[in-house]
Amino acid sequence: MLLLRRCRGLTLLSTRRLPVAPAVASCAVRLRSSSAEDQGSYQRAHRPGWRHAVAGLLAGTGAVLAYGLHQHKAEQEAAYPIFSQEEVTSHRSLQDGVWVTYKGGVYDITEFVAMHPGGDKILLAAGGALEPFWALYAVHNQEHVLEMLSEYKVGELNAEDLKKQKTMQTLDPYSSDPERHPVLRINNLKPFNAEPPPEILSDSFITPSAFFFKRNHLPVPQVDPATYLLQVEGLPGGLLTLSLEELKTRFPKHTVTATLQCAGNRRSEMNAVKQVKGLNWGIAAISNATWSGARLRDVLLAAGYGPDVARRAGHVQFEGLDKDVTGTTYGASIPLNKAVSEEGDVLLAYEMNGADLPADHGYPVRVVVPGVVGARNVKWLGKIIVSADESSSHWQQNDYKGFSPGTDWDTVNFKSAPAIQELPVQSAITAPADGAVVDRSSEELTVKGYAWSGGGREVVRVDVSLDGGKTWQVAQIRSSEKGQAPEGTPPTGRAWAWKLWEITAPLPPGAKELKIVCKAVDNSYNMQPDTVAPIWNLRGVLSNAWHRVNVKIREDEREE
């Protein structure tokens, strides 16, 4: 019965059925669509040849499959209907269908929207051209994405409208992005996302701004500091507009040393278990800097949001000045109690490492939310909104959330999980690199790395093993630059900066390979899980299993 149902799909709803071999026709149910269904049914009937593959299996011959694929290709080349831009524009919703154009082709992506992880974002392109959006989200310009798109082709754009499209050349929205240091390892060029080499990352307790990992979601906006204005608004009773100069002069300047970590740090290790969706970050989507600026708490008080605001609001939303072609800005929010707490140390930062914020890091003003995932530390800050609700931004509602290993893209419900705020305890080995070779004559090996925990929890211990976790040694940890006096123990709940750690151990006699492992423990005795599989999730976030590198030992060459 199941096979018959699949066979029905070969010609179901098609107004222009492909010629089929007798073996296919014998089981096909010849149903024709009404005229109102013609446009959508054309797309369904002309999907690539999985239907023909099923027919080939039913008929017991590969000839049917080959014939069907040949006919499908011929139909694609010769029989697509022509649509005007007006007709395409009329399909801009799930109710009317979602159509887009790309390089002269017309595509009905209604069915795909529900499966797309950024479904609400792709709807912004409905009824128009994909090119401006793919210029922003350049990760789509890959062969497998184009192949997927081809499955949804329903027609061609007429020559007149295609000519109009071509005359409206889309400028590269990333053309004004700043220059970046060549040592950075690029994960995505547009928008720019890159991390430093791990061995550089652990050289300095304070990460130089040029090496600090870069995580952009949209083009870097060009902001004139002379005309910059920060708006603070939201619930009745509060309103404030500040220039950059007013932000610097009206409020006391505070300095906080804080580590920022991307939610996708170490995603590559989850990819090694099972493919996830997201940038393939290594272990260096984390960095530590000294930030200076006005406290968010002080600004909210000046805007009229006093101690009673907690009775009316639960969240503080942030909107950046970076935006897509529709004007949609990057946005996020944090709980109000974090924003207004004297111990929260949330800054509206205008300096990084003693200088103006670099363009890639939010010039002229960004939010720094110590102990919280990097996605909430909104750059190029334009607006602050005190609200009873979380941000409605895509990046707050439909991204940066964790799920069970058993949840896939067919079953995921982003509304069922809270947005990531504080991150779990983390550590990684920055040297030696995985696959490195050391000489036996060295007699000992130095292992280095970083450790950090979210929510202001202080890392109190880092354990290191050279034999895959059978035996352990405790590493030395430091919270300052080498040669400088260590900083005192931070107040409880305010350990915002990472710890760098190091251990030097003798090479085990007779060992040909070292399986080096590290794991950190924070002052709440949270520990890292030993393997990736139990924490795997479809977005590859919150990856914090024991970090492992394998090192080979090269024996001395002796003369006979």
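The legends below accompany close-up views of a predicted model.

**View A. The chain as a whole, shown for orientation.** In this predicted model, the chain is built from 17 helices and 27 strands. Buried residues account for 51% of the 560 residues, and the chain exposes about 25,900 Å², of which carbon and sulfur atoms supply 52%. Among contacts between residues at least 6 apart in sequence, 72% join residues that are at least 24 apart.

**View B. The salt bridge between K383 and E233.** The two side chains meet at 4.0 Å, taken from N to O. Because K383 belongs to strand β18 (residues 381-387) and E233 to strand β9 (residues 229-234), the pair ties together parts that are 150 residues apart in sequence. E233 has a relative accessibility of 23% and therefore counts as partly exposed. The structure's salt bridges number 21 by the rule applied here.

**View C. Salt bridges of D298 with R295 and of E422 with R457.** In the pair formed by D298 and R295, the closest N and O atoms are 3.3 Å apart, and both D298 and R295 are buried. The closest N and O atoms of E422 and R457 are 3.1 Å apart. E422 lies in the loop between α17 (394-397) and β19 (426-431), while R457 lies in the loop between β21 (444-452) and β22 (459-465), so this pair ties together parts that are 35 residues apart in sequence. E422 is partly exposed, its relative accessible area being 46%. A further group, D177, R180 and D360, is joined into one network by salt bridges that share partners.

**View D. Aromatic pairs, of which the structure holds 10.** F212 and W291 form an edge-to-face pair, with 5.7 Å from centre to centre and 85 degrees between the planes. Since F212 lies in the loop between α12 (198-201) and β8 (214-215) and W291 in strand β12 (residues 286-295), the pair ties together parts that are 79 residues apart in sequence. Both F212 and W291 are buried. Y330 and W395 form a tilted pair, at 4.8 Å centre to centre and with 40 degrees between the planes; Y330 is in strand β14 (residues 329-335) and W395 in helix α17, 65 residues apart. Y330 and W395 are both buried. One aromatic cluster is formed by F212, F213, W281 and W291.

**View E. Lysines over the faces of tryptophan rings.** K277 lies over the face of W409, at 4.7 Å from the ring centre, and K519 lies over the face of W472, at 4.7 Å from the ring centre.

Conventions. Residues are numbered from 1 along each chain as its sequence is written. This is a predicted model: local features need pLDDT of at least 70, side-chain atom pairs count only at pLDDT 80 or more; totals for chains, interfaces and linings use all residues. Side-chain values use heavy atoms; hydrogens and water are left out. Helices (H or I, at least four residues) and strands (E, at least two) are DSSP runs, numbered from the N terminus. Buried means under 20% relative accessible area, exposed over 50%, partly exposed in between (1.4 Å probe, protein chains only). Contact means heavy atoms within 4.5 Å. Accessible areas come from the Shrake-Rupley method with a 1.4 Å probe; for residues, only the protein chains shown count as cover. Rings of Phe, Tyr and Trp (its six-membered ring) pair if their centres lie within 6.5 Å; planes under 30 degrees apart count as stacked, over 60 as edge-to-face and the rest as tilted. A charge sits over a ring if NZ of Lys or CZ of Arg is within 6 Å of the ring centre and within 35 degrees of the ring normal.
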